[in-house]
Structures are given as structure tokens and as C-alpha cells.
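Opening the notebook on this one.

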Amino acid sequence: MATASTTTGFIRLLRALLIPFLALLAALLAGAVVMLLSGDDPLAAYSGLFQGAFGDGKSWARTIRKTVPFVLTGLSVALAFKVGLFNIGASGQFVIGSVFAVAVGINFDGLPAFIHLPLALVAGIAGGLLWGAIPGVLKVYTGAHEVIVTIMLNYVASLLGGWTVYAGGTQGQTPGPLWDRTAGAISETPDVLSSAQLPWLFGPPYRVHYGIFLALAAAVLIWWLIFKTPLGFEMRTVGHNMRAARYAGIRVNYTIILAMALAGGLAGLAGAIETLGLNHKFAPEFGGAVGFDGITVALLGQTHPFGVLLAAFMFGALDGGAAAMQFESGVPADIIQIIQALVLAFVAAPLIIRMIFRLRRQTHGDAGSAVSTSWSGP
Amino acid sequence: MNQPTPASAFRRLGGRYGNAMFIALALIAIAILVNVTPLKEQTWLRVLFGISALNFTLRATVPLVLGALSGILCERSGIINIGIEGMMLAGAFGGFVAKTSTNHWPLAASLIFSVAVAVAIGGLMGAVHALFSIRFRMDQIISGTVIIIFALGTTSYLYNRDAIAEGKFSSIALPGLSRIPVVGPVLFDNPPITYLALIMVVVVHVALFYTRWGLRTRAVGEHPRAADTVGINVNRYRYVNTSLGGMLAGLAGAFLVLEAVGQFQEGMTAGRGFISLAAMIFGNWNPFGALGAATLFGFTQALQNELLLAGVTRVPRQFISMLPYVVTIIAVSGLVGRVRPPAAEGKVYETEGSQ
């Protein structure tokens, strides 16, 4: 009987991978059409992209490096999805996580690395947790829709992050608390102390840090949380049917706030890893798009933690190869953004894919998790 | 029952047009008072309510109110539209490309053509959103997100940084009206899209509440099954309304490029589409309520501008720039529960037996 169940499990896995795979394929084809229409050569672009992502050791290193934040922001969005919440705020949570991590990382000189580094990482997670909890609390107690609140908090976080490294104003405004006094008019923090830097797995020129293991561990942990714990069961129940969950005695409000906070913590960890492992400081321009890409990664991964891993790897390759593609073929790297949007469109609407590839329609189990209930609260 | 008091009359009106309208009216009253009395000698009051602050408020309000009207048209028919941001951006870009490729035309013709292109692009994006939501039954919030990401990516990919749009709309002073003190220079000496936006508020209000089309739109958004039963084609209304909403968002984009800034910048909508949504909620899905809310949000943006220019505060500029976003969060947290969205919003409608 064991063989039978493994076979069905394998078929189920194949079926789960089918739509994302076809969505990626369709998006690449549509991207080629866009390039043809604007007079670029798609074959040169895609071969440049592939070379840039997997061509040699350095390309592989870049792909892995870029995969790490996608895994964590993807998990952040996916976890919120499981509870029926739409977290568009990963980029703000990422920024706050970076700021908190760097605040610990540039202070506490003399601490041994085995205390300093974890402390900085935890600070990053805590920053994200706090920032993620705000929309959760507002949703529960005032009914404010998390989509609007998280988007507005993205702008606030970006300004807040900018202020912490603010070089001061001409009208006597005091500089931000984390600003590097030796940097002159440049708005950035000093370098993170070496005791708080994430060590290299492969040092320069490869520059792969241990963050990849943290990302993998986070994926396993979230999988365990969602599918193997009572709390995860409660989260999924709330996500499926909030009213039924309430009748069953599940603490819906608590679950919503906790899920948003954990989602924020994951994005905050992404920010902490990027600053402690790669940038080694914070400046206002760090952060940005990873949060929005987390949405696509989560949906491409079918909101399953291991699916998110695969999807993040895909996105790491797309992003890692983009610069090389532009260099080799002259096609603007922005085409990658279009392809990512198309992936999102195709994966979120399996019906389009089924129409394009003439697949038989399944009776159920196709629809993604529904998030658009309405603007009112729970 | 209750003894009628002056306050209850206000509450009745408030319930009808949304609380936002009253905050906005109060601000306008203060503004007139400040500008015609010696109060204007006070630096702080001048910064908050001077003619320049009011002018800036109106300029900041126009894209917000157009976006909010766009949201109202979509949501009254039952389609959630968080893609307004993307539709605005796509409209702005379309208008910019049209303007740069018709620079050699007479200015007025080139500008009007560019507005038409922006509106058409916005309408197209709206139609795509409707297609995703209705035909392909995509989750409406995700479909909106797709529109936003797609617009951001496409406009950056196609944007030619060397292209320059020559000329933009200039103010037209309405004869007579523009000489009224305070009100005249603020309301009646503006470029055309500003007038158009204010007219659209009235048009949408009348269309929504006093025409057959409006009654049917609201029926489709509240109780599609009932609407279907009396022979209204639910999904056709949703397609049409979402496309019209996209056109209004495109007009907001045209305003940004052809009237306010004069050029295109990547990501130039800077969250206005989302603030519009908040204005729509704050205004209780009513056009006049949305105008009031948009004015309030526009005022916070003007405030940010005036405070920075006047140099009257030592608060770091980042905190001043947060104002519009923080006020938006406070507005949506403070009011939900007292406002009510259309009942059938966000739900796919299928006629019985269509499975």
C-alpha cells in the first residue's frame, strides 16, 4: 500500500507543479512577444538571461544570493494568505527589519559574534513583527482593511527608514539617530561591526552568505507551523472560513494579529539578512521591490512553503540574470518586471492557462485562496 | 422620538454625504476667514490656510478625487479595484507618449489628443481588470495587484528618458467668477482638467442616483441575483463600469503628466491610487463624500509642501511627508463600521446553471 500512496502523492505533486510551470512558460513566451514588438531580440535576451543566472560559479552565487530575500518575503505573503489576509506590506516590514538589525549591528562594540549576530537578527525579526502587527491590530479592532493599511505603512516605513539615516536639514533639523557622522552629506549608517556580520559561505568574488540556510530553515519552520501544529490548523481554518472558525471556538482575532505579526517578522528577517550579510549598512534606497515580488513568489509557489522555495529560486534566477541580459543583448532589464507581472497574472488565473494550453477543467481545487472579501473587517 | 437639534440635522446630512464632506466644509470656512481678516498676518495660519496652500490643496485633490470616482464606479457595480494606481500610471504614460509624439502639432490639439489617449489607455486597463475578474474569475484584489505590477514594469521598460513633452495645460480664468475674493483665485482660475474633475463629481453623482443606468449599477453591486432576475445583464454592467472607472483613472494620469508636472516620471503616481481608495471608503462610496475626503487628503499634501517651503518647523521633513499616509490610515481605521460597502463587492457572479 505504501507504493500506491507514494504514487498518488507523486501525481499530486506533478499536478500542483503543472500550473506554475505552464504559467512561467506562458509568461516567457508573452515576454518574447513584447520584446519582438519593441524591436528587441528575445533569443539573445533569454540566452543572456540564462548565462547570467547559471553561466558560471559567480552567476550561480548571484542567483542564490538573490533567492534569499525572495524566499522570506514570499513566505511572509504566503503565511498571511493561509489566514485569508493579503500582506502587501512586506517591503515596509523589510525596511523596518533592516533598520532594527543595523541599529544593533553598529552598536555594542566588543560583544562576541555568537551573541551579537543573533541579537541583530532577532532585532530585525522584532522590527518586522511590530510593523506587521499594526495592520493586524487595526483590522481586528477597527476593521481597517489590511491592504490599504499595509500599503500606507510601506510609505511610512520608507520615510521612517530615511529619517534614521537623515544627514540633517538646513533649518536646524537634527540628523537621524543612525546617521554616519563621517559620511558628510550622504544619508547612510556606518558599517555593521564585523561581530554582527553574517559570515560568508563562499567569500568574494562569490559572496554567498549563510543567509541561504536561514531562509531554508524558515521555510521548513513555516511548513511545520502551518501543517503540523494546532496553531497552524487554527490559522488555516480562519483562512478557509472565518465565521465557522469563530463558532468552533478559535480565537480569530488573536490568530489574525499573530499571523500578520509573523508575516512581518519573516519580511523583517529578510531585511536583517540583506543588511547584515550583504550591504553591511542601511541607506534609504535599500529595500523597495522585494515586498511586491513576494506576492508573486507566494502565488507562484501556490502559497506552500516548499513551493515558495522553488518560486523564489526562479525569481532569484530572473533577477540574477537580468543585469547580464541587459549587458549581453541590450534588452532593458525592466522586461523582467513585465515577465514577473505576467507570471502573476497567469498563475493567479489558472483559467487563462487552461485556455491557452487547452487543459481539461478541474471541478474544484483550482481557485487560489480568496482574499477579496470586502473592505470591512472580520 | 428624539427632539430635533441643530446637530441632528448635521448628522442626517453627514450620513448622506459622508463625514468627510463636513470636515472639508469646515476647513473651507476657516480658510475664507483667515484670508479676508487680519488673521492672515499670523505665519502659521497663513501656512495652513493661505491662498497658496488652498491652490496646492486643489491641485493635490484632483487626481485623488478622479481616482476615488473611478473606485466608486467599479465598486458600486461590485468589482473591487485596487488597480487604480496602475491604471493612473498607465494613463499618465500613455498621455506622455502621445504628447511627445505630437509635439509638432498645435499645443491645444496635441494636449487634447494626449488626454484622449490617456483616457483610452486607462479604459483599456479597466477592461482588462474586468476581464480577469469576470471571465477568468481571478481574485479581484490579486487582479488589481497584477495591473499595478504590470503598469510599473511596462512603463519603466518602455520609458524613453530622452523624450520631452513640450508645454502643458495652462490656467483659464473664468470671467467674473475668478474676481471673487479668496474663492475666485482658488476655484475659478484653474487648468481644464481641474474643472473637468469637479464637474465629473456632479456627473457621477447624478448618473448614479438619478438615472436608470445608475439604479441598475447599484442593483448589480448590491444584489446581482435580483438584478439578474429582472433581466439586467449583471456582467455587462460590470464590464462597462470597470472600463469607465479605468478611464477616470486614466484621466487622473493625464492630469499628472499634462497639467501638474508636464513630464512623466517612473512611478510618479506615488501611492495616489491607494489614497484614492481610502478617500472612496472615507466618503462612503458617494461622489460628494469622496470629494470631501480627497480634499482632506489633498490638504495634508499641501500642508507638507507649505511647511517645507515656509521653513517654520524644525521637524525633519520625513515626518512631514508621512502626513498624507498616516492620515489615510487613521481615516480608514476610524470609519469602517460606520460606512458600508456595496454588498456584492468582490464576488464573482454566475447565472444559475452556468457551471
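This is a predicted model: local features need pLDDT of at least 70, side-chain atom pairs count only at pLDDT 80 or more; totals for chains, interfaces and linings use all residues.

**Helix pair in chain A**

I started with who touches whom: A:Gly211, A:Leu214 and A:Ala218 from helix 7 of chain A meet A:Leu266, A:Leu269, A:Ile273 and A:Gly277 from helix 10 of chain A.

The axes of helix 7 (residues 211-228) and helix 10 of chain A come within 10 Å, and they cross at roughly 170°. Angles over 145 degrees count as roughly antiparallel, so helix 7 of chain A is roughly antiparallel to helix 10 of chain A.

Then I sorted that contact by residue class: five nonpolar, two polar and no charged residues between helix 7 and helix 10 of chain A.

**One residue in helix 10**

I picked A:Ile256, which sits in helix 10 of chain A. Is A:Ile256 buried or exposed? I got 26 C-beta neighbours inside 10 Å, so A:Ile256 counts as buried; the cut-off for that is 20 or more.

A:Ile256 and A:Ile134 are 122 residues apart along the chain, and their C-alpha atoms are separated by 11 Å.

**Cores**

I looked up the largest nonpolar core and found 219 residues in it. Those with the most contacts inside this core are B:Val65, B:Leu66, B:Leu69 and B:Ala279. Helix 10 of chain A (residues 252-279) turns up again here: it gives the most to this core, 14 residues.

Another core lies apart from that one, with five residues, including B:Val220, B:Ala227, B:Val234 and B:Tyr237.

What does B:Leu69 touch, leaving out residues up to four places away in sequence? I listed B:Met200, B:Val201, B:Val204, B:Leu248, B:Pro287 and B:Ala290.

**Where A meets B**

For the chain pair, I have 47 residues of chain A in contact with 45 residues of chain B. On the chain A side, the elements giving two or more residues are helix 5 (113-142), helix 6 (146-164), helix 11 (290-300), helix 13 (335-348) and helix 14 (350-356). Helix 6 of chain A has the largest share, 11 residues. By class, I noted 29 nonpolar, 17 polar and one charged residues on this side of chain A.

**Chain B overall**

Last, some totals. Chain B has 15 helices and two strands, and 53% of its 355 residues count as buried. Among contacts in chain B with a separation of 6 or more, 76% are between residues 24 or more positions apart.

Note on methods: Residues are numbered from 1 along each chain as its sequence is written. Chains are lettered from A and ligands numbered from 1 in the order in which they are written. A nonpolar core is a set of buried Ala, Val, Leu, Ile, Met, Phe, Trp, Tyr and Cys residues joined through C-beta atoms within 7 Å. A residue is buried if 20 or more other C-beta atoms lie within 10 Å of its own, exposed if 12 or fewer, and partly exposed in between; C-beta atoms are placed from the backbone. Helices (H or I, at least four residues) and strands (E, at least two) are DSSP runs, numbered from the N terminus. Two residues are in contact if their C-beta atoms, placed from the backbone, lie within 7 Å. Ala, Val, Leu, Ile, Met, Phe, Trp, Tyr, Cys and Pro count as nonpolar, Asp, Glu, Lys and Arg as charged, and the others, Gly among them, as polar. Axes are lines fitted to C-alpha atoms, for helices over the stretch in contact, and angles run from 0 to 180 degrees between N-to-C directions. Angles under 35 degrees count as roughly parallel, over 145 as roughly antiparallel, 65 to 115 as roughly perpendicular and the rest as oblique.
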